[in-house]
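User: I would like to go through this model in short questions and answers. Please keep each reply brief.

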Amino acid sequence: MILEYAKSLKPCTGSDKTKIATVVGARPQFIKCAPVSRLIRECHQEIIIHTGQHYDEEMSDIFFKELGIPKPEYNLGVGSGTHGEQTAKMLVRIEYVLIKEQPDIVMVYGDTNSTVAGALAAAKLNIPLAHVEAGLRSFDRTMPEEINRIVTDHLSITNFSPTYAAVTNLKNEGITGNVFLVGDTTTDAMIMMMPIVWRSDILNRLNLAKKQYCVMTLHRPSNTDTKDVLSTILNTISGVSNLPIIFPCHPRTRESIFRNGLIVPANIIVVPPMGYTDMLCLMKHAYRIFTDSGGMQKEAYNLGTPCITLRDTTEWPETVNTGWNTLAGTDPDQIKKAFDRDTPFDQITLYDTGASRRIVEILNGMNGDAI
Ligand code: UD1
């Protein structure tokens, strides 16, 4: 069925309006849904349900403002908690909204607890579920996100995948019907934001020159929650880079640094979490990026900045195969080797753009009842 949709496409008319409930809750999902929501609203009715998983101004509101995402119709105010507690609260509250709103389709994005909660709520109510960014796998079930991905893909009636590798992963798990290779909606978001990114003054504000600094982000529990691991990472990166390292610090990591009484080395400059525009600008002009984020590996690649991933696995193998990304884990020698590695890398082929339009065209073709 991959890309077969083209044959059945039809433009949306007023009478075709499908009621789509979009469930989001964490920072990367706001980016993933922005270009899709924009197109959905051209001809369908969308209600955005924000679980409240991320709630700080700089973790949530700024993304809605910058990306022009409409104010959510519902904010469930779930907040933080253990995985079970957080997911359970979301499930109860999303179910309540879905029963009230009776949407034709529920759309979920990515791999967070908000994703799996939206998926479970929809599946239990027999509402067709569509998953954007389906089929990604790290093959590491100690990652909470891997569990969320697997469950969501298996519950979805329609899976929208960003890459061939993702489609193959689904096939290997027996998911072959209604799998659409559409491309990557975060690449759409990045392109949509580029005209504004060029105007960002973040380099001036931080007193930085192009390619004369590095960027680091850290938020995986496996890297941040244990004192020794976090301390080793901070000291290693401080030691390998002769350039300043800008560190937009996730609240989880900030809390762990304080709780464990860690001293951040002087060449690591801790700043608050950043909005999308400033972050893209900062990444574009960095010499190297250190990260344990999934999405940033791909953004670094799309922007042409070499990335050193502080994990042993990736959901974006293309970035590694082309030489732009190195999986260094948390081993100091590997991190140093990756930092010192010379270019050239393979030519960049942007992750497929146009994913958002393809997704909405498929939804148009389905008319809400064909999936
Ligand atoms: C979540 C996702 C992860 C995603 C990341 C992006 C899951 C399992 N993980 O991880 O896949 O890459 O978002 O950031 O869903 N906190 C605040 N303010 C906020 C949000 C969180 O202070 O607005 C703090 C809280 O102390 C919370 C901690 O950060 O306990 C972690 O937040 P949580 O939403 O549980 O997971 P993330 O680590 O953000």
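User: Which residue stands opposite Ile-289 in β12?

Analyst: First the ground rules: this is a predicted model, where local features need pLDDT of at least 70 and side-chain atom pairs count only at pLDDT 80 or more, while totals for chains, interfaces and linings use all residues. Residues are numbered from 1 along each chain as its sequence is written, and side-chain values use heavy atoms, with hydrogens and water left out. Strand β11 (residues 288-291) and strand β12 (residues 307-309) pair in the parallel sense over three bridges; strands are DSSP runs of E, at least two residues, and helices are runs of H or I, at least four, numbered from the N terminus. Pairing requires at least two DSSP bridges between two strands, and the residue opposite Ile-289 is Cys-307.

User: What is the strand order of the open sheet of six strands?

Analyst: Its pairing is parallel. Neighbouring strands are turned by 20° against each other on average, direction ignored. The order is β10-β9-β8-β11-β12-β13.

User: What angle does helix α11 make with β9?

Analyst: Helix α11 (residues 227-240) packs on this sheet and touches β8 (214-217), β9 (245-248), β10 and β11. Contact means heavy atoms within 4.5 Å. Axes are lines fitted to C-alpha atoms, for helices over the stretch in contact, and angles run from 0 to 180 degrees between N-to-C directions. The angle is about 150°.

User: Which strands stand at the edges of the sheet of seven strands?

Analyst: This open sheet is also described by its order, β3-β2-β1-β4-β5-β6-β7, with parallel pairing. Each edge strand has a single partner, so one side of it is left without a neighbour in the sheet. The edge strands are β3 (74-75) and β7.

User: Which helix packs on that sheet, touching β1, β4 and β5?

Analyst: The strands touched are β1 (19-24), β4 (105-109) and β5. The direction of the helix makes about 160° with that of β4. The helix is α5 (residues 113-124).

User: What is the handedness of the unit made by β5, helix α6 and β6?

Analyst: Three bridges join β5 (residues 129-132) to β6, and the two run parallel. His-131 stands opposite Asn-159 in β6. Helix α6 covers residues 144-155. A crossover is right-handed if, with the strands pointing away from the viewer, the path from the first strand over the helix to the second runs clockwise; the unit is right-handed.

User: Are the residues of strand β6 buried or exposed?

Analyst: Buried means under 20% relative accessible area, exposed over 50%, and partly exposed in between, with a 1.4 Å probe and protein chains only. Thr-158 and Phe-160 lie on one side, Asn-159 and Ser-161 on the other. Both faces are covered, and these four residues are all buried.

User: How many Å separate the centres of domain 1 and domain 2?

Analyst: The domain bounds come from an automatic or database domain assignment. The contact takes 22 residues from domain 1 and 17 residues from domain 2. Taken over C-alpha atoms, the centres are separated by 27 Å.
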